[in-house]
Amino acid sequence: MNVRLIIRIAKALLLARWKQTLVAAIGVTFSITMFITLLSFMTGLNDLLDGLILNRTAHIRLFNEIKPNLDQPINQSKDYQGSYNFIRSIKSGNSRQEIYNSQAIMQALRKDNRVTGVAPKITAQVFFNDGSIDITGVINGIDAREESSLFHFSDYVTQGNPLDIQNVSNSIILGKGLAAKLLANIGDVVLVTTAKQQQFSLKVVGFFQSGLQELDKVQSYASIGTTQKILGKPSDYITDIQLKMVDVNQAPPVAKEFAKLFNADAEDIQTANSQFETGSSVRSLISYSVGIVLLIVAGFGIYNILNMMIYEKMDSIAILKATGFSGLDVNRIFLVIALSIGFFGGLLGLFFGFLLSMLIDQIPFNTPSLPTIRTYPINYNPAFYLIASIFSLVTTYLAGWAPSRKASKVDPVIIIRGK
Amino acid sequence: MDERIVLQAEHVNKSFHDPVTIPVLKDVSLTIKKGEFVSVTGKSGCGKSTLLYILSTMDTDYEGDLYIGGQAMRGRTEKQLARVRNESIGFVFQFHYLLNEFTVLENVMLPGLKLGIHSEVEVKDLAMDRLNTLGIQSLAAKKANQLSGGEKQRVAIARALINSPSIVMCDEPTGNLDKKNSLIVFDIFKKLAEENKQTLLVVTHDQEFAQNTHRTIEMEDGRIIKQ
């Protein structure tokens, strides 16, 4: 009963000065709108930029690194067991780059329910021969189907069919930059020389564009079989196994586990791409700060208007107190006023924020480095709307706190006597 | 304690301390019985309004003791005192002090809704009953700021009566009204006192008004010189 009465009085006071109320609410609406739009746009952009790298990066990569054996013969000798052995100029041994027993590992990984997908890969360093000039490049041997489903490979193939590398023998998809250097068109044949001085002719079946020009100048893709042939390796030769996880955050511990289990090196995405995490979090931080500043400004507006309202309503406060409303009741009345400005202003802000985000989502955005993007990216994360509504209530509560306290402290005797 | 005593003040002293200490009430004691129509008179600045604010529990900065309905008011929290005002005291001020955001009916209903004993429908009936008694039921739907001064004061009286208080306190209720309206307001008080046995405490400097009440308390320089 008391709560309903308080809300009723608050409503009457609010509507009596509806123009002021409207101005205060518009302040909140504006800041919430901007907060939502800013965060949606900024995060959309973040996701886009991160996606450039992270979408195409395995959550965990299993490989064999070329490195010196940690267990040198002298350490195994019984005579020197108790001593510190200093060995200089250790060379890496003739260790294999391939993953031992790769087929069995892949089968085991496909059964692991923490892993959503497995894609094998071979990297081969080659020279592309263009007349007398050699251009260094990399051929990635991939399974086009797996690569497309896990790492959006087909999105970045701008010309040609990505599956052609599986279907056409001795075929290759060249990076756009590399193709430009080689003056190669689809259907042309390019000549490559391996590190072991063997020459191969490969037919160009497509171009791809990753968005990172440096990458496009050296990278090219062929099927696993073709790459094995170029390198002169058997059909179980795999240098990398790429994994996508159900939960990306699980990658670091699982990577350690797999490294031990399969006796290979394992690198998780967080370690490999820590700079992107940093970039995203700083950008989010900036958008949050701007949004919060907007809300604080709106909060001061509400503070001013409530203060003015309290001066205007001194008589009403005095009479409420004289007729039996306690200081707490008066305090609540003004808090309800502040919170309802925050609530309704915020609600409208969420709505307009959504509209503005949708509008930005329609603006064309074409850039040669991002072939899959047609309009400005927007992230419609419901979390932003939740945060914005919590912020709007918290800010208006804080803005209303001091004026409400002041109202509750009004001494009716002074007001009634003062007339 | 006598059942019939509604309000009792014992040895009430009060001083203003800004900027120098000036005593305004000196050892004031008074008792008001049920059904009495009492007026407090005195020259401007004699402390009669100050006394009324202390008796109404709104001013708590005083020495001495105050009992309303036999209950001591000293040491009570602000919330408890608000409850006492809501339940047992009705107020009428010189400046009618209605809430302009509400209709006449709602103004009268507010203290009743705050009390929370009756449902809204019941409070509405009670409020209409009070307005009928004062002959202003036709004003119920009007906004408070559309009324004349005399009408406003009658609405304020209706509001003071909504919770059937044990005492109605009035601070110069006719001070801001013309002769005709003053008479109407006085007749209402008289009727309340005689027909409804409503206890009334009226602070006024209107001698004619005071003479027509049951008992007149005269004050001078913060003391009661005649009760």
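Start with chain A as a whole: the centres of its domain 1 and domain 2, taken over C-alpha atoms, lie 52 Å apart. To colour them, select 2-54 + 276-418 for domain 1 and 60-79 + 95-269 for domain 2; these bounds come from an automatic or database domain assignment. You are looking at a predicted model, in which local features need pLDDT of at least 70, side-chain atom pairs count only at pLDDT 80 or more, and totals for chains, interfaces and linings use all residues. Residues are numbered from 1 along each chain as its sequence is written, while chains are lettered from A and ligands numbered from 1 in the order in which they are written.

**Stop 1: helices α1 and α15 of chain A**

Select residues 2-16 and 327-362 of chain A, which are α1(A) and α15(A). Helices here are DSSP runs (H or I, at least four residues), strands are E runs of at least two, and both are numbered from the N terminus. The two helices pack at an angle of about 60°, with axes 9 Å apart; axes are lines fitted to C-alpha atoms, for helices over the stretch in contact, and angles run from 0 to 180 degrees between N-to-C directions. That makes α1(A) oblique to α15(A). (Under 35 degrees counts as roughly parallel, over 145 as roughly antiparallel, 65 to 115 as roughly perpendicular, and the rest as oblique.)

Now show side chains. From α1(A), residues including Ile6(A), Ala10(A) and Leu14(A) meet a set in α15(A) that includes Arg332(A), Ile333(A) and Val336(A). Two residues are in contact if their C-beta atoms, placed from the backbone, lie within 7 Å. By class, this contact has nine nonpolar, one polar and two charged residues. Ala, Val, Leu, Ile, Met, Phe, Trp, Tyr, Cys and Pro count as nonpolar, Asp, Glu, Lys and Arg as charged, and the others, Gly among them, as polar.

**Stop 2: helices α2 and α16 of chain A**

Next, select 382-408 of chain A, which is α16(A), together with α2(A). Their axes are 10 Å apart and the packing angle is about 150°, which makes α2(A) roughly antiparallel to α16(A). Among the residues that meet here are Phe35(A) and Leu39(A) from α2(A), and Phe384(A) and Tyr385(A) from α16(A). The contact divides into eight nonpolar, three polar and no charged residues.

Stay on α2(A), residues 18-54, and find Asn46(A). Is Asn46(A) buried or exposed? Asn46(A) is buried, because 21 other C-beta atoms lie within 10 Å; the cut-offs are 20 or more for buried, 12 or fewer for exposed and partly exposed in between, with C-beta atoms placed from the backbone. Beyond its neighbours within four places in sequence, Asn46(A) touches Ser280(A), Arg283(A) and Ser284(A).

**Stop 3: two serines in loops**

Go to Ser89(A), in the loop between α3 (73-76) and α4 (102-111) of chain A. Ser89(A) has a positive phi of about 50° without being a glycine, and it is exposed, with 5 other C-beta atoms within 10 Å.

Then switch to Ser164(B), in the loop between α5 (149-161) and β7 (167-171) of chain B. Ser164(B) is not a glycine either, and its phi is positive, about 45°. With 14 other C-beta atoms within 10 Å, Ser164(B) is partly exposed.

**Last stop: where the chains meet**

Finally, show both chains: 22 residues of chain A and 23 residues of chain B make the contact. On the chain B side, α1 (48-55), α2 (78-88) and α3 (104-115) each give two or more residues. The largest share, six residues, comes from α2(B).
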